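Dear colleague,

I am passing on the structure we spoke about, and I would be glad if you could look through it alongside the notes below.

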Amino acid sequence: MTTATATGPAKHRAQAPARTNPPRRGRRSPLASVGLHVSLVVAAVIAVFPVLWVLLTSLKPAKFATTTDFVKEPTLENYTNLLNDTPFLTWFGNSLLVAALTTLLGVFVSSTTGYAVSRFRFPGKRGLMWTLLITQMFPVAVLIVPIYNIMASMGLLNTSTGLVVTYLTIAVPFCAWMMKGFFDTIPKEIDESGYVDGLTPFGTFWRLILPLAKPGIAVTAFYSFITAWGEVAYASAFMVGDENMTLAGGLQKFVNQYGAQWGPMTAASVLIAIPAALVFLLAQRHLVTGMSAGAVKG
Amino acid sequence: MAVDTSSQSVAKAAGDSARGRSRGTGKRNGGSRGAVRRSLSTHWYAWAMVAPVVLVIGVIIGYPLVRGIWLSLTDANERNVERSIGVNHIPASYEFVGVDNYVDALTGSQFVGTLGWTLVWTVACVSVTFALGLVLANMLNRKMAGRGVYRMLLILPWAVPGFVSVFAWRFLYDERRGILNQLLAGGGIDAVPWLNDPTWAKFSVIAVNVWLGVPFMMVALLGGLQSIPGEMYEAAEMDGANAWQRFRHITLPGLRSVSTTVILLSTIWTFNMFPVIFLLTRGGPGEATQILVTQAYKFSFEISPRDYAQSSTWGVLILVLLMVFAAVYRRVLRKQGEVW
C-alpha cells in the first residue's frame, strides 16, 4: 500500500518537468506563515480561554465573580472560604482514596492478563479479547441499575468500597487492553532469552518484562486514575451526603438549578485541575502511543 | 454461588467462541481426555495469568449484566424490588413480563426520538472533532517557531478533568451573567439563551463536546503523521505532486489505521457521553438534549417511582446498538483490506 502511493506519482515523472523554481519543502511564503500562526493562535485561545477564565475568576472576590474584567482586586478569599467553610477537603480525600484504590487494584489484577494476551496463543484468547473490547463500550446505563441494586442489598451504597468495586468494571478491561498494547512493543526476543536461561513464563514476566514495561504501567495507572477521578454518573447516583461525596458530586452542589456559587466553584475547579493537568502534560506522549498500539494491533 | 457460576459462564463463553473459529482443532481437543490434559499442560500458565481478569469481569460485570438483562424483562421499579426499610426486609415482588419493555420502547416515540438526537449528536461531534483534529495536527506537524507551546496549549482541554471543564463552560454560558453574553452585549447583540433554548442548547452541548474531544484527536493524528516517512513527501514533490495531491495520496492513506481507530473510539465515547449532557443541561430544556444514556439514567434515578425495568431496557438496547455498530464498522474495514 505504501509503496503503491510512493510509486504512483512516479509514473508521471516525464510529464511534470514544467515546474519552475520549486519551493523547497519546509519553506513557506510569508503569507502562509502568518496564516498558520494566526489560525493556531485562534485555536489556542479557544482551547485555553475557558480554563483561564475560571482561574482568573477564582482570584476575584466572590461578589465580582461575573464581571468581565480580567483581574479585579485579586484575592485568595475564594480559596480560604472553600477550604474552611465547605467539605471540599473531605470530597478531595474521598476522590483521592477511590481513584487510588481503583488504579492500584486495576493495574494489579490486569497486568498478567495483558502479558498473556500479548504473548501466548491459547484457547479462549479470542473470546477474552472480544470481552475486553466489548466491555469498554458498555454504556453506564446497562450496569448502573443492577450494580445499584446489588450494592444496596449488600449495604455498600454510599461507601468508598462500593464505588471502587464499581469503577473496577471500567478500569480492569481498560488496563488489560492498554497494557497489552505496551507489552506488544517489547520485543519477543527478550522472552525467548528468558526461556533459554530456564525461566518459567511467570519468571520471564516478573523478572524481565515487568521492569521493561514500567513506563507503560505508569501511564496505564495514571489514565485509570484520571478516569476514576473524573467519573460522574456512578458517583452522582451512589454517593449522597456531604461526608461521602467525591469531587464530581460535590461540585454539583455549587452549581444547581437554584443558583450558582461561582466563587467557590471556580476555586475548587482550579484546585482539582492543576495537579491532574500537570501530570497529564508529562504523561500524554506515552498515553496515545499505548492506546493506539493496543487498539490497532488488537 | 451466583458469582461462581457467572464467572464460569464467561470463561466458557470465551472458550466457545475460540473453538467456534478453529472448529477442527477444537473438536479434537474436546474429544479425548488425553488431549484435554495435554492442552492443560501447555496452556495452564496462560490461563492462570488471565484468571484474575476473567474472574473479576465475571463477578463484577458478567453478573450485573445478566441481572440487568433480567430486570429489563420484568416490571421492576423502586416500589417492588428487594429493599430494607429500617429493620423490615421486603423481598422482591416484581414479575416477569417477557419482552413487553422492548416492544414499548421500540414502538413508542420516546426511544426513537431520543435515538434520533443521539445519532445527530454523535455524528456531529465526531465529524467536527475529527476535521478540526486533522487540521490542527497538520498545522502542528510543520516546522515552525513555538510549535511546542502551541501543542501544549491545544492539549489543555484534555488535561483538565472533564467535569471541571463542563462547569467552566456552564459558567461561560450563563444566560444573564456569563462572559459570552456579556461580550455579545458589548457588541450590541441580544443575549443568547445558550442552554435554555432547545436549538441553542443542542448547539452548545455539541460545542463543548467538540472542545473536549479535539485534543485527543489531534494528538493521535499527529502521532500518525509523524510516523509517515518524510522521504515519501520528498519523492512525491520530485514527481511534481502539489500540496493537495500529497495530502490526498500520502497523508490520508498514511493516517488510515490511526483514524479508523480513533473514529471508532470517539464514536463509542460520544454515544455514551454522560457528563457533558448531564452536567451542562440535565437533558433539558424539556428533553431537548437528552441522549439515550442520560435518559436511561433519568429513568432509574431522577423520576419517582424509579423505573428500573425501563432503564435496563434502554441500557441493553444501547449496548446492542453499539455492538452492531462496531461489528459493521469492522466488517467494512475488513472488506477494504484493512488488517485490524
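Where in chain B does UniProt place the feature "transmembrane region"? Please keep in mind that this is a predicted model. According to the unreviewed UniProt entry, the feature falls at residues 44–66, 119–140, 152–172, 203–225, 258–280 and 308–329 of chain B. In the model, residues 44–66 of chain B are 100% helix and 0% strand, with their end C-alpha atoms 28 Å apart, while residues 119–140 of chain B are likewise 100% helix and 0% strand, with end C-alpha atoms that lie 31 Å apart.

The unreviewed entry also carries the annotation "domain: ABC transmembrane type-1", which covers residues 115–329 of chain B.

Turning to how the chains meet, 102 residues of chain B are in contact with 91 residues of chain A. The side of chain B that touches chain A receives the most from helix H3 (residues 33–72) of chain B, which gives 19 residues. Sorted by class, that side of chain B holds 71 nonpolar, 18 polar and 13 charged residues.

As for chain A itself, the model shows 13 helices and two strands, and 46% of the 298 residues of chain A count as buried. Among the contacts in chain A with a separation of 6 or more, 76% come from residues 24 or more positions apart.

With best wishes

Conventions
Residues are numbered from 1 along each chain as its sequence is written. Chains are lettered from A and ligands numbered from 1 in the order in which they are written. This is a predicted model: local features need pLDDT of at least 70, side-chain atom pairs count only at pLDDT 80 or more; totals for chains, interfaces and linings use all residues. UniProt positions are given in the numbering used here, feature names are shortened, and annotations may be inferred rather than shown by experiment. Helices (H or I, at least four residues) and strands (E, at least two) are DSSP runs, numbered from the N terminus. Two residues are in contact if their C-beta atoms, placed from the backbone, lie within 7 Å. Ala, Val, Leu, Ile, Met, Phe, Trp, Tyr, Cys and Pro count as nonpolar, Asp, Glu, Lys and Arg as charged, and the others, Gly among them, as polar. A residue is buried if 20 or more other C-beta atoms lie within 10 Å of its own, exposed if 12 or fewer, and partly exposed in between; C-beta atoms are placed from the backbone.
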